[in-house]
Amino acid sequence: MRIRIWILIVLLAAPFLRASAQEIMLTQGWKLKIGDSITWAPPQYNDSGWKPANVSLPWEEQGYPKTDGFGWYRVHVVIPASLKEKAFLKDSVRFDLGYIDDGGEVYLNGKLVYKNYKNGSDIQHGFYGPCSFSVGTNDLAVHWDKENIIAVRVFDTGGNGGVYGDKFDIKMMDVMDNVSINTDGDFSYGEKSLGKSIKLKAGSSYEYAGKLNFKVTDPETDSTIYEKTNDAHFSAHSPFTYTFTIARLEKKSYKITYTFTDAKSGKQIQKTEGTPYILTPVVQAKPRINGPDVFGERPGNPFLYKIPASGQKPLVYKATGLPAGLKLDAATGIITGVMGNKADYPVIFTVSNKLGSDTKKFTIKIGDVIGLTPALGWNSWNAWGLTVNDQKVRTSANAMADKLSEHGWTYINIDDGWEAASRNANGEIVPNEKFPDMKGLTDYVHSLGLRMGIYSSPGPKTCGGYLGSWQHEDQDAKTYGDWGIDYLKYDWCSYSEVTAQNPTLEDYKKPYQVMRASLDKVHRDIMFSFCQYGMGDVWNWGTEVGGNSWRTTGDIEDTWKSLSSIGFSQDKTAGGASPGHFNDPDMLVVGKVGWGDSQHNTRLTPDEQYTHISLWSLLSAPLLIGCDMGHLDNFTLSLLTNDGVLAIDQDALGKEARQVVKKDDYQIWAKDLEGGDKAIGIFNTSDKYQTISLNANDELLKGYTKAFDVWTQKSIIGVPNKLTFKIPPHGVKLIRLL
Ligand code: GLA
């Protein structure tokens, strides 16, 4: 009996025991109810009938399969006054409630204290992201030393939903919680130097004064290469800028650590980044024809192909054997026209300038299949989210035409956020005020030799809460055709609301079959990209339903965790890839990303970015750049313009790499290429430098006599003997065997 009482005391005291620490853990005690009522916000509401919720998992994984729409979470928690009494700063209390997927509002004792959508909008425009906010210490919504009720209202469309994650706690806002080390400026490249300015920024009234330590280390040896400490002071109104120039080191990434220590509080904040290093050789002034070896269109539809060629301008383009119906503009390299008959047409391209010329054999395949090689393009989502507009699309198109199209980049795809709130009197979809002239914009994109993409959902609403195509499929396909659209991303989202609660395979296929039939009525080649996150193992039936690509996963983020878990889990999808039909592990997260109106440099290290582009190319993935194209820095540009790497993605055989070695700390993926070559990616998935070897008798090397380092475009000496590579943490060696 005594023991039982003792246990009871401990259990009852648990929140208080935790409270004596500097934070209150909030991972336990949550309850969940699917549905929506504002009466669930106030503290007096009786939630005793609600089911317990596990906040480490989305609600789909705890008895609410395929739930879209509203749900509420509640938790009861005592916030002890000792928390503020012991704190160095006493201004506000910080709440971390994992991630909210998708829209969310948080009520503290009935008062709305957080929402993840903008003023003037609503919860259906809220977006998946970390839920972290603070409330003033003196705000009456905080009940010190008493029970508090935190109620979270969630709206979910498509994929997972709910409140979930690892970090659930309450603590006082710390001195460093309001400080950011902003490293989003670009590196400047001198001939032998690398420089950058970073900023220390404060978000509170506290005056920061202390030391900034700047340190460059070699991750291979852990040795310090440079170290410097400077005085630093800053406040909310005046940031501190630190500018450095270091000698450009050998071709690898070094780790920079910025550490600020505040003198008064003794608290520290630290951020690291890798120095960029460029492997892609400089583009030569002599002409070079890049891009795929094949291109497919359907007979009778408008034809558009720009011959991708680099070299000093002006370039003069020639095509020998061009079939009747097509014409080439010799000054721009843009081929247009209409082809009548199904057949393979071999053509020879020649591009010249005053320094020489280059020729390439090319096949125009007029038939039933388009998108024979994965799409190379840009999509607005990872950069701009719902803030995309006409100007941003034009900026991207101009940047693509100026810097990327010569390497084969073609598509300019508008994601969600272009649709008006209602259809016109005829029921047609119309753009909102951000896109005053969709046809004009499309014509402009075409005039650059590029192609235009758009986005919709088979449901009544898109993921961003905009109008979808439900019950208007024919009409929307026709509108896209009238505008001149070349690519449609079709995102499941609210289709869950109009299909079965537990969809069968046929239910998964249905919306894509319906839109396929609608697109087939349009006299235009519109690439059809399914976006339904891999449900029903879409890679097994995407081709049969007429998709050119299909997403195999949920949304990517610019972290190693997201990148590696998506990229290295694609082996299961490999059988689904063939020319015209590709698995899509989601868009690229290199360059400046942000999913909204503010951008940051990708949080991936330079080596992680090499892994990203290498792995996606091995996977024959559509490569859709997701960054602000108005600010392409040299390193990002070098990642996107390596013709040897792009050739692996664009290989005409259309195969996807297979995972041939999977160890705890490294993996090898291999892709068969047209003509018998093979591409191999050796990925160091560990946090340390590693030396990885392929033995001469390794199956992978059998039959090959030459190896080529794809990023540097140099031959590797050693084949057919043992090959040994030193590979940086999270980095890759990409090889082409010949
Ligand atoms: C989903 C998709 C994203 C993007 C958004 C737009 O989350 O997976 O790629 O299209 O919807 O709302």
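Predicted model: local features only at pLDDT ≥ 70, side-chain atom pairs only at ≥ 80, totals over all residues.
**Ligand shell**

Numbering runs from 1 along each chain as its sequence is written, and side-chain values use heavy atoms, with hydrogens and water left out.

Next I looked up polar contacts (pairs of N or O atoms within 3.5 Å). Asp416 puts a polar side-chain atom 2.8 Å from a ligand oxygen, and Lys489 also has one at 2.8 Å from an oxygen of the ligand. For Asp491, I read 2.9 Å between a side-chain N or O atom and a ligand oxygen. The ligand taken alone exposes 310 Å², and the protein buries 95% of that (Shrake-Rupley areas, 1.4 Å probe).

**Second largest pocket**

I then turned to the second largest pocket, with a volume of about 1,000 Å³ (the space filled by probe spheres set on the grid points, which are joined across faces, edges and corners). A pocket here is an open set of points on a 1 Å grid where a 1.4 Å probe fits, with protein on both sides within 12 Å along at least five of seven lines; lining residues have an atom within 4 Å of a point. I get 42 lining residues, with Thr272, Glu273, Gly274, Thr605 and Pro606 nearest the centre. Elements giving two or more residues to this lining include strand 18 (268–274) and helix 9 (606–618) (DSSP runs, H or I of at least four residues for helices, E of at least two for strands, numbered from the N terminus). By type, the lining has 11 nonpolar, 15 polar and 16 charged residues.

Most residues other than glycine have a negative phi, and most peptide bonds are trans, so I checked for exceptions. Asp101 to Asp102 is cis, omega near 10°, and Asp102 sits in the loop between strands 5 and 6. Lys313 and Pro314 are also joined by a cis bond, omega about 0°.

Asp145 has a positive phi of about 60° and is partly exposed at 48% relative accessible area (buried is under 20%, exposed over 50%, partly exposed in between). Gln713 also shows phi near 60°, and is partly exposed at 26%.

Technical notes: Nonpolar A, V, L, I, M, F, W, Y, C, P; charged D, E, K, R; others polar. Polar contact = N/O pair within 3.5 Å; in protein donor to acceptor, adjacent residues only side chain to side chain. Buried < 20%, exposed > 50% of the residue type's maximum accessible area, 1.4 Å probe, protein only.
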